Amino acid sequence: MDKHQNLWIATLMDGVFVYRFGNQQLEKIDRNELFGRGEGNTAYVNQLYVSDIDGTVWMTATSNEVLKCKYEEGRFRVEQRYMVNVPMSIVEDDKQNLWIGTASSFLYVLCKGDKAFSRFPVFSGYTFIPGLLPIGNGTILASAFYQPLKLVSADGTISEPKVNIQDFERCIQRSVFIPTDLYKDSSGNIWIGTVSNGLMCYSPESGKVTPFPGTTCTDISSIEEDRQGNLWISTLYGLSKYIPQTDKWINYYEADGLGGNQFYDRASCCLDDGTLVFGGTHGVTIFQPTNMQVRHDIPLLFEDIKIHNTLVRPGKGACIDRHLSYNPDINLKYDQNGFSISFAALDYSESERLHHYYKLDGFDQYWINAHNNKEAYYANLPAGTYTFRVRITQNDQSTIVGENAIRVIVHPAPWATWWAYTFYLIAGITILAFFIRAMWRIREEKQAVLRAEQAKAQEQFVNKMNMSFFANISHEFRTPLTMISGPVSLLYSSPDITGENKNLLRIVQRSVNRMLRLVNQMLDFNKLENDTLKLKVRPTEIVVLLKELTDIFRVNAESKSITMITNGLEGSFIAWIDEDKIDKIFTNLMSNALKYTPAGGRINVNFDIVAGEDAVQAVKIEVINTGQIPDDKLEKIFERYYQISDEHGGIYNWGTGIGLYYARSLARLHHGSLTASNLKDDNKVMFTLIVPVGQSAYSEAERSHEQVNQLEAFPLEENPLPVKSDPDLDKEKKTIMVVDDDSEVAYYLEMLLGSDYQVVCRFNAESALEAITENAPDLILSDVVMPGKDGYWLCREIKESLQLCYIPVILVTAKTTIENQVEGLNVGADAYVTKPFEPHYLMALIKSLLNNREKTRSLLSRSTQTDKMDENVLSPQDNMFMTELYHLMESELSNPELDVTRMTQLLKISRTKFYYKVKGLTGENPSVFFKTYKLNRAAELLKEGKYTISEIADMTGFNTLSHFSKSFKQQFGIPPSEYLK
């Protein structure tokens, strides 16, 4: 509204209009006056502002322009055009500075007297600034998309107002902060309209932000205050009035007289006489707030009742004695529990904006929305007393404008009255008497069952005695078997027996051990029946175990002309299993396969790794042999004492009936499964054993933490008695330090390595580190789990020491998980070997590491710089040390007095550490290494051909030419003069 009582209106499609309140005429501004006569120009004005001081009309347009316009004596003209990128909001502060908010992070201001806008980068990142509010002293409050509030002054000062962040975040319940309008009321509070998050009130003094629910819609468009201090908020669906004095809301919709329900952002103003103007998709809504009427209560009456869709009229014998409008009690019989009640509001002029709800207390839990249907239906209502309620609300569904209630009584059926229940009680007592009599009879039957169970228990006792007898016989078998095992072991150890005979004795020895295991199986079967057999799993090389067991049966298979084929038993695999239980299961399966496979048949043993239950790794062992088992007997053969009568048909399984029952019981004890199936196409039967092999599949009580005895797993072939060493030979041997708290393991390694290396043993990490510091070995073998400091600590100390980091370290331990191995390699170990280890593998690994160490020493003795070496030849610490040493030797190349003392001063290292470091890396003492380096540099200089032999001798620190020539010939085998040729 300008000073001439003209209302300026900007539209999306029809341009700009001026409405004169004086003569109530509407004038359209020529679009060509605004944007020129260019064809295809689709720009339009999106915001208007009329200055209260000079009546200037400011317009922001989608053509990225801000227009300064004048309208005098009915003539419109554009005085000035300013280019502003994507303007979307406009205000003027108390200093007559014009502010423009844009669809970017920039804010534009045209200060009084300036001819151009200034641009301020107020926010960061993608945003737009729809909300601008002058707050005095030339400062405005700016709100932007997904940004905090900002205070901006015309001089470019930008700051953040005091805002309680927790309050602000609690107000943003949906989506993100998208402001639409800012308004400061007469009390100094600032109201913030948002998209999706409704209306918020911000107190500049306290910084508190409070949400204000109650508007017709949570998408706020514009905010205005009337002269009574009430706030009027337009939204995308309706208009709301907030009365601060009573903290109440009144909502208005199109049905209340509004031009429409959808309003535009920041399209509102308050005229001089208090009239409010709001713009929307329907046009302009203009009203005087004091003339808006408040709704009164609407009378609500009950009309009719229908029972089973038949209208009921009041009268004698009917369910009502008066018309329903008088709210009489409704008395229904038990078979009249299907009825409907109609109701109506006595305000037909407002029918479109009213909503009806009803509820039957005692039956309905929630209010039911009747929509356009003014009748409530109920069916199969239980007997009882109910209250039927109806209420009316306006469109906002928050204000109740009418309510009424009526009582409904449903009488019970004759069979649900008190005298009926008395009859039921008498009948119940009679039935109870018959029931007690029946219980006496059942008791007699139970006693008969108990006698039968006692007889069964006696039978089980006899079976137990039989099992005890078999256990005693098994004990008797152990003595002769032991007497057989001893001589066989002596014969096998005899040096006179070699070659094939020794291999046969080995098979005999394994077979005797297997017989002992079979005897133990009888004892275990007794334990299994008594539920005393326990599982003890530990990391085991399962492939080696299966190979050894298969070899025992291979000789018998060959004697029966049976072909035995294995698949998957290559390489190695560490599994968490109870070796004894797997041995017994596999032995039973192989024994059955040999027993029932005819001559000329085949036995296949397959090994594979599969995924078990809960993604735990498992192994699958298949034993396939020629022959068939009837399909209906595939499960019965696993039953205890089950036998098939035909022993000679060739395809039937027969025997005592204990073995397969015992094998499946062990498989289940091992959390696995054992099944049988026929291969129809190949005329074969397949037994499949699946057991989990992951550590997590077993409880702590089922895991065995005893380490496998290395000597038992891999016995030494040589005489274990120590051989007296020759001191002269020991000096030529490499030194290996064994660090293990187990004296048996240390002794075993000493016997294994003593013939090839000089072995030094230490039994804890601290004493080992002290010994290594005093006299560094060539290689270190260390256990991980030891009292006090562990092997990881020892390895870390060695690899972080400048003096010792070149020494190879092998961790030898029973900790077999991938995580343990990764941890060992992370602390710098050169190799990680799990117990029990294969001796040949360990010997080859030691030899490889020592050979690589010698190659490195040889390379260092021939090199003059580390740049020419492979990155992996030296560790990072050794590489840094040698690089620095080479640089120092190069800088001191011509110094004939270059010695250990000089180098330790330059490197700032002790003489002892320097000596052992150079000796360990190069294999030479420092003095010899210095001389070797000078001669290598001399050879390089000779190849370059730039200097004479005398000059080179002087450059490399030799005092005389003869000394240089003699040393050069000792190093390279020829004098310098011939080296040039």
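**Exercise 1. Find which residues of α11 meet which residues of α12, then describe the packing of the two helices.**

Solution. 
Step 1. Ala765, Glu766, Ala768, Leu769 and Ile772 of α11 are in contact with Trp793, Leu794, Glu797 and Ile798 of α12. The model is a predicted one.

Step 2. Sort these residues by class. The contact of α11 with α12 holds seven nonpolar, no polar and two charged residues.

Step 3. Helix α11 covers residues 765-774 and helix α12 covers residues 791-800. Their axes come within 10 Å and cross at roughly 20 degrees.

Step 4. Classify the angle. Angles under 35 degrees count as roughly parallel. α11 is therefore roughly parallel to α12.

Step 5. Assign the hand. The crossing of α11 and α12 is right-handed.

**Exercise 2. Work out how α5 and α6 are oriented to each other, and list their contact.**

Solution. 
Step 1. Take helix α5 as residues 542-559 and helix α6 as residues 579-596. The two axes come within 11 Å, with a crossing of roughly 25 degrees.

Step 2. Apply the cut-off: under 35 degrees counts as roughly parallel. So α5 and α6 are roughly parallel to each other.

Step 3. The crossing of α5 and α6 is right-handed.

Step 4. List the contact. α5 supplies Leu545, Leu546, Leu549, Thr550, Phe553, Asn556 and Ala557. α6 supplies Glu579, Ile582, Asp583, Phe586, Thr587, Met590, Ser591 and Leu594.

Step 5. Count by class. The contact of α5 with α6 has nine nonpolar, four polar and two charged residues.

**Exercise 3. Describe the crossing of α6 and α7, and give the residues that make the contact.**

Solution. 
Step 1. Helix α7 spans residues 659-669. The axes of α6 and α7 come within 9 Å. They cross at roughly 150 degrees.

Step 2. Angles over 145 degrees count as roughly antiparallel.

Step 3. α6 passes α7 in a left-handed crossing.

Step 4. On the α6 side, the contact is made by Lys581, Lys584, Ile585, Asn588, Leu589 and Asn592. On the α7 side, Gly659, Leu660, Tyr662, Ala663, Leu666, Ala667 and Leu669 take part.

Step 5. By class, the contact of α6 with α7 divides into eight nonpolar, three polar and two charged residues.

**Exercise 4. Repeat the analysis for cysteine 270: find the strand, the accessibility and the contacts.**

Solution. 
Step 1. Cysteine 270 belongs to strand β24, residues 263-270.

Step 2. The relative accessible area of cysteine 270 is 34%.

Step 3. Set aside residues up to four places away in sequence. Cysteine 270 then touches Glu224, Glu225, Thr275 and Leu276.

Step 4. Take one more distance. From cysteine 270 to isoleucine 286 is 16 residues in sequence and 9.7 Å in space, C-alpha to C-alpha.

**Exercise 5. Examine the positive phi values of asparagine 64 and glutamine 96, and say where each residue lies.**

Solution. 
Step 1. Recall the background. Most residues other than glycine have a negative phi.

Step 2. Read the angles. Asparagine 64 has a positive phi of about 60 degrees although it is not a glycine. Glutamine 96 has a phi near 65 degrees, also positive.

Step 3. Find the loops. Asparagine 64 lies between β5 (57-61) and β6 (65-72). Glutamine 96 lies between β8 (87-92) and β9 (98-102).

Step 4. Asparagine 64 has 27% relative accessibility, so asparagine 64 counts as partly exposed. Glutamine 96, at 27%, counts as partly exposed.

Technical notes:
Residues are numbered from 1 along each chain as its sequence is written. This is a predicted model: local features need pLDDT of at least 70, side-chain atom pairs count only at pLDDT 80 or more; totals for chains, interfaces and linings use all residues. Side-chain values use heavy atoms; hydrogens and water are left out. Axes are lines fitted to C-alpha atoms, for helices over the stretch in contact, and angles run from 0 to 180 degrees between N-to-C directions. Helices (H or I, at least four residues) and strands (E, at least two) are DSSP runs, numbered from the N terminus. Angles under 35 degrees count as roughly parallel, over 145 as roughly antiparallel, 65 to 115 as roughly perpendicular and the rest as oblique. A crossing is left-handed if the near helix is turned anticlockwise from the far one by less than a right angle, and right-handed if clockwise. Contact means heavy atoms within 4.5 Å. Ala, Val, Leu, Ile, Met, Phe, Trp, Tyr, Cys and Pro count as nonpolar, Asp, Glu, Lys and Arg as charged, and the others, Gly among them, as polar. Buried means under 20% relative accessible area, exposed over 50%, partly exposed in between (1.4 Å probe, protein chains only).
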